[in-house]
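Student: Could you walk me through this chain with a few questions and answers?
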Amino acid sequence: MLAADAFAAGEKNAAIAKGLRISVLSVERWRCSWHAGGWQALRVSDPAKRPKVDDSDVAVLEPLLLDGAMAQGWADERWTLSRVRLLIADQLGVTLSIRGVWELLRRHSWSCQQPARRAVERDDAAVAGWLKETWPRAKPPRRRSGHGWSSRTKPPSR
């Protein structure tokens, strides 16, 4: 809209481009649109690309997600993004990235869930033993204290 004001004031394309810190070619395209359709031609339009999965596709997908992962042939009830991605590919014939699946689920009010309680099979004594015995051996050693040197490639001269 700043460019449209400048067009109406009769400013040159180069001056408008410098003032808005954009290319002169963009200003020329905007000026052509402005001449053809006025202020309305410069308004933001719909997204350039429609989503791969629209609301009608999500209406097909949601009952399948609500049925659970085991109903879809998985060994447990966890819906992971990879599993949802495969479900979308099987049911809708659309390939999404993991991030695309996450954005789709979030856009339709699905969220990641954490278990409300600990697993029945959990053995607290075994976990405590592992933390006490195995973890200290697997943990990287502590960095020594004291003066070092500024160069990471060459030890200090002696």
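Predicted model: local features only at pLDDT ≥ 70, side-chain atom pairs only at ≥ 80, totals over all residues.

Student: Which residues is Gln-72 in contact with, leaving aside its neighbours within four places in sequence?
Tutor: Contact here means heavy atoms within 4.5 Å. With the sequence neighbours set aside, the contacts of Gln-72 are Leu-64, Trp-79 and Leu-87.

Student: What pattern does the chain follow along the sequence?
Tutor: Helices (H or I, at least four residues) and strands (E, at least two) are DSSP runs, numbered from the N terminus. The chain has seven helices and zero strands. Read along the sequence, that gives α-α-α-α-α-α-α.

Student: Are helix 5 and helix 6 roughly parallel or roughly perpendicular to each other?
Tutor: The axes are lines fitted to C-alpha atoms, for helices over the stretch in contact, and the angles run from 0 to 180 degrees between N-to-C directions. Helix 5 (residues 81-92) and helix 6 (residues 98-107) pack at about 85°, with axes 9 Å apart. Angles under 35 degrees count as roughly parallel, over 145 as roughly antiparallel, 65 to 115 as roughly perpendicular and the rest as oblique. Helix 5 and helix 6 are therefore roughly perpendicular.

Student: How many nonpolar, polar and charged residues are in the contact of helix 5 with helix 6?
Tutor: From helix 5 come Leu-81, Ser-82, Val-84, Arg-85 and Ile-88, which meet Ile-98, Val-101, Trp-102, Leu-104 and Leu-105 of helix 6. Ala, Val, Leu, Ile, Met, Phe, Trp, Tyr, Cys and Pro count as nonpolar, Asp, Glu, Lys and Arg as charged, and the others, Gly among them, as polar. By class, the contact of helix 5 with helix 6 has eight nonpolar, one polar and one charged.

Student: Why is the pair of Phe-7 and Trp-34 called tilted?
Tutor: Rings of Phe, Tyr and Trp (its six-membered ring) pair if their centres lie within 6.5 Å; planes under 30 degrees apart count as stacked, over 60 as edge-to-face and the rest as tilted. A search of the whole structure finds two aromatic pairs. In the pair of Phe-7 and Trp-34, the ring centres are 5.4 Å apart and the planes lie at 45°, so the pair is tilted.

Student: Is Arg-21 buried or exposed?
Tutor: Arg-21 lies in the loop between helix 2 (13-20) and helix 3. Its phi is near 55°, a positive value in a residue other than glycine. With a relative accessible area of 77%, Arg-21 is exposed.

Conventions:
Residues numbered from 1 in each chain as written. Heavy atoms only, no water. Buried < 20%, exposed > 50% of the residue type's maximum accessible area, 1.4 Å probe, protein only.
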